[in-house]
Amino acid sequence: MTATCVLDHLRGTYRSIYIEPCQDRIKKHHHTPITNHSTNTSYYKAIDSHHQQHLADMSAMSKVAVAGAAGRVGSVILNQLVEDGFKVTVLNRKGSDHSYPSAVAVVEVDYESPETLVKALEGQDAVISAVGFAGLTQQIPLIHAAVKAGVKRFLPSEYGGDAENPKALSLAPFQGKKAVSDLIKKEAAAGNITYTLVSTGPFLDMALRLGLFADIKNKTIRLWDGGDQPYTTTTLASTAKAISEVLKHPEETKNRNVFVRSTTLTQKALLEKLKKATGPEGWKVETPSTSEALKKAVTNLEKGEIDRLAFIAVVIWAEGYGGYFEKVDNELLGIKELDDAELQNLIDGIVKEVQ
């Protein structure tokens, strides 16, 4: 197979697995009538007449709906919003019996039923999405519903590397994110809603506990491309606080990408801190290449196999994929970076948990 044929084949694979389902979902929910109100033209006229005035009043963001609140990330965001005094409504997926704090309202929604989404979002000032990879394209009907309901601000599920990095967004697992960000930007450009993208890098504490940065229990670490590439990382708690602060700074964060970090690391620097926490002996070091990992992941994609972790490694550690933030919005959002002692204490605590 020639190089041109390979590229054409990959483009077709990308489209069939990622892009076309996103486009189908956009078309489906853009044209689906809202059965409860489809014959009630006054319902939509009322929304239209107040919509621009509602969007203009950015200072009064107090009512927040959260999608994906049951997950590792969403639950931390939910608790932070409650702690900061927001009136929170959880969008609970139909059939889920997950329990939530008594301080929040819980509304059952069906992402295949637009009218339930619109009804749930009526009166909400903002929607915060914390859905995982599997639910990324379900944000598309949620955005359409938010626009119809007159929601002021939408925060899609980003919380990773630079949310607007073109090289990262070109990779297969992130096509869902791209479809969502393209849609919300289109709606914002039309004056129908505002948005904020929140870029945090990988979650520092979660990545350490789950073995993404290193396998602490088995003392194994990968020094990608030699381990000298700097990358930005943020704790779950600081991510949740940043999201809450976005809503308190609506004008400053309107229709843009905000950057947050708890610290900047390299894998070599992390290894030294892990050795301090565990003792220097017994660590096994691997030195894989991000370019080789990407080639292998793309080859596997041709076979219908998705190595998501390989793609994630590329966006964190490969140069040019947005894993390192030169400038951040910590000062605006009141997020403190960890000093060296605080970072070591965090790592020490996680090592005790894991070992």
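**Pockets, a helix and a residue**

The lining of the largest pocket holds 26 nonpolar, 11 polar and six charged residues; Ala, Val, Leu, Ile, Met, Phe, Trp, Tyr, Cys and Pro count as nonpolar, Asp, Glu, Lys and Arg as charged, and the others, Gly among them, as polar. This is a predicted model: local features need pLDDT of at least 70, side-chain atom pairs count only at pLDDT 80 or more, and totals for chains, interfaces and linings use all residues. Residues are numbered from 1 along each chain as its sequence is written, and side-chain values use heavy atoms, with hydrogens and water left out.

Q: Which element gives the most to the lining of the largest pocket?
A: Helices here are DSSP runs of H or I with at least four residues, and strands are runs of E with at least two, numbered from the N terminus. Elements that give two or more residues to this lining include α3 (72–83) and β2 (87–93). The most, five residues, come from α12.

Q: How many residues of helix α5 are buried?
A: Buried means under 20% relative accessible area, exposed over 50%, partly exposed in between (1.4 Å probe, protein chains only). The buried residues of α5 include Q139, I140 and P141. Of the 11 residues in α5 (139–149), the buried ones number 10.

Q: Is E331 buried or exposed?
A: E331 sits in helix α13, residues 330–333. Because its relative accessibility is 79%, E331 counts as exposed.
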